2 protein chains.
Amino acid sequence: MKKALVLSSGGVDSTTCLAMAVSEYGSSNVIALSVIYGQKHSKETEAAKKVADYYHVKFIEIDLTAVFADSNCSLLSHSTEEIPEESYDSQLKKTDGKPVSTYVPFRNGLFLSCAASIALSEGCSEVWYGAHMDDAAGSAYPDCSQAFADAMNTAIWEGSGRQVKLTAPFIASNKAGIVKKGLELGVPYELTWSCYEGGDRPCGKCGTCIDRRKAFEANGVEDPAMALYRD
Amino acid sequence: MKKALVLSSGGVDSTTCLAMAVSEYGSSNVIALSVIYGQKHSKETEAAKKVADYYHVKFIEIDLTAVFADSNCSLLSHSTEEIPEESYDSQLKKTDGKPVSTYVPFRNGLFLSCAASIALSEGCSEVWYGAHMDDAAGSAYPDCSQAFADAMNTAIWEGSGRQVKLTAPFIASNKAGIVKKGLELGVPYELTWSCYEGGDRPCGKCGTCIDRRKAFEANGVEDPAMALYRD
């Protein structure tokens, strides 16, 4: 039986990705990898741990914060930038073709390489990650694009001595399609966390909160995580 | 003026690569990046620091040891494997097409991704690294191959939003060609360290000691680092 290592951030996309891997290979053949990179809060990694526990998969946490010591990305705890309270589309009108301010420099490249290294050590022949076309649109997050995923797949395949492949099941889907798949699989979305802010409840205003709300609305269901905070 | 970030291990290849970058862009536009990954000794990183000081370039050191916690690669301090005392050619006859035991899982992929992240934070548009065809031969180190470097270049270019390129000046050279170039540039090879063991002097028996000796012999000169230990 194959083994898969899944990049898990505790959000909607990677949790659905983990659910698919578990559905395909079974809990004992799946490992969830969560990377700490200096986020402003620990809600994401706490959610990733809860999700891994729910699915009874091995959970590995790695701290790569040092790599981003000199980055001023607005997601990082040491950044002087505020997290924008608007959609990615609105932000992209002001970035002159550059990624949005919440783009962490080559984050997915670093995370996937880290995952490939660990996959080799753990005997996994696949690395899964939940990038999708909404995030790549307009170059908001270039490390979510099909061109990046294809190149990274080749780099991991060749650089690992043809032992590890990259699987990006949602690279041609949008977030609504991911939620649709997740609802079919019974993903426990109430355990996930997407918001860039680390408040008591999701802010509802940042790019990822907006995207998440739209994805559930498109499926005609209430977001189970938001239901927890209903007044 | 462009800025370049150079992966620097303190060995012959990366030090020559650094010398080329400094020769092209000047000391103030070059940064040396050294990665600690759990090596059995600190000779390499000490050499990388000395070389950076010699060239008056900014020096960044990152510790990624945690990524290799579960690897049994023979270069790592926690490994139960001995470092083989033979050439890569001899070792490859026993590996059944797999990388040699001193292959650190997807190390160059991880290091290059880390370098791309830091390059974006530091305003560098190029990442340089000193991989060469001798190390890739027979799949000893698949993360030194042309196919890997090409794919990684595309991944870094696309994943960075087309802001960073990979430069691998020796990808079609052998180690003797690198030393030839370095001798022309006056590289201070007496400051470098290649040996996989961390003794008082290079062991002369491991794969990299053998390769290094041959590269200087091919150029008809004594290795300045070995001259230091002449009886």
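Here are two exercises with worked solutions on a predicted model.

Local features here need pLDDT of at least 70, side-chain atom pairs count only at pLDDT 80 or more, and totals for chains, interfaces and linings use all residues. Residues are numbered from 1 along each chain as its sequence is written, chains are lettered from A in the order in which they are written, and side-chain values use heavy atoms, with hydrogens and water left out.

**Exercise 1.** Describe the interface of chain A and chain B.

Step 1: start with contacts (heavy atoms within 4.5 Å). You get 37 residues of chain A against 37 residues of chain B.

Step 2: take the buried area (accessible area, 1.4 Å probe, lost on putting the two parts together, summed over both). That's about 2800 Å², with carbon and sulfur atoms giving 68%.

Step 3: look for salt bridges (side-chain nitrogen of Lys or Arg within 4 Å of a carboxyl oxygen of Asp or Glu). The count between the chains is 0.

Step 4: ask which elements (DSSP runs: helices H or I, at least four residues; strands E, at least two) carry chain A's side. Those giving two or more residues are β3 (58–63), α4 (107–122) and α6 (146–159) of chain A. α4(A) gives the most, with 10 residues.

**Exercise 2.** Work out how strand β1 (residues 4–7) of chain B is placed.

Step 1: sort the side chains. Ala4(B) and Val6(B) point one way, Leu5(B) and Leu7(B) the other, and all are buried (under 20% relative accessible area, 1.4 Å probe, protein chains only).

Step 2: find the partner strand (pairing takes at least two DSSP bridges). 4 bridges join β1(B) to β2 (residues 30–36) of chain B, running parallel. Leu7(B) stands opposite Leu33(B) in β2(B).

Notes: Buried < 20%, exposed > 50% of the residue type's maximum accessible area, 1.4 Å probe, protein only.
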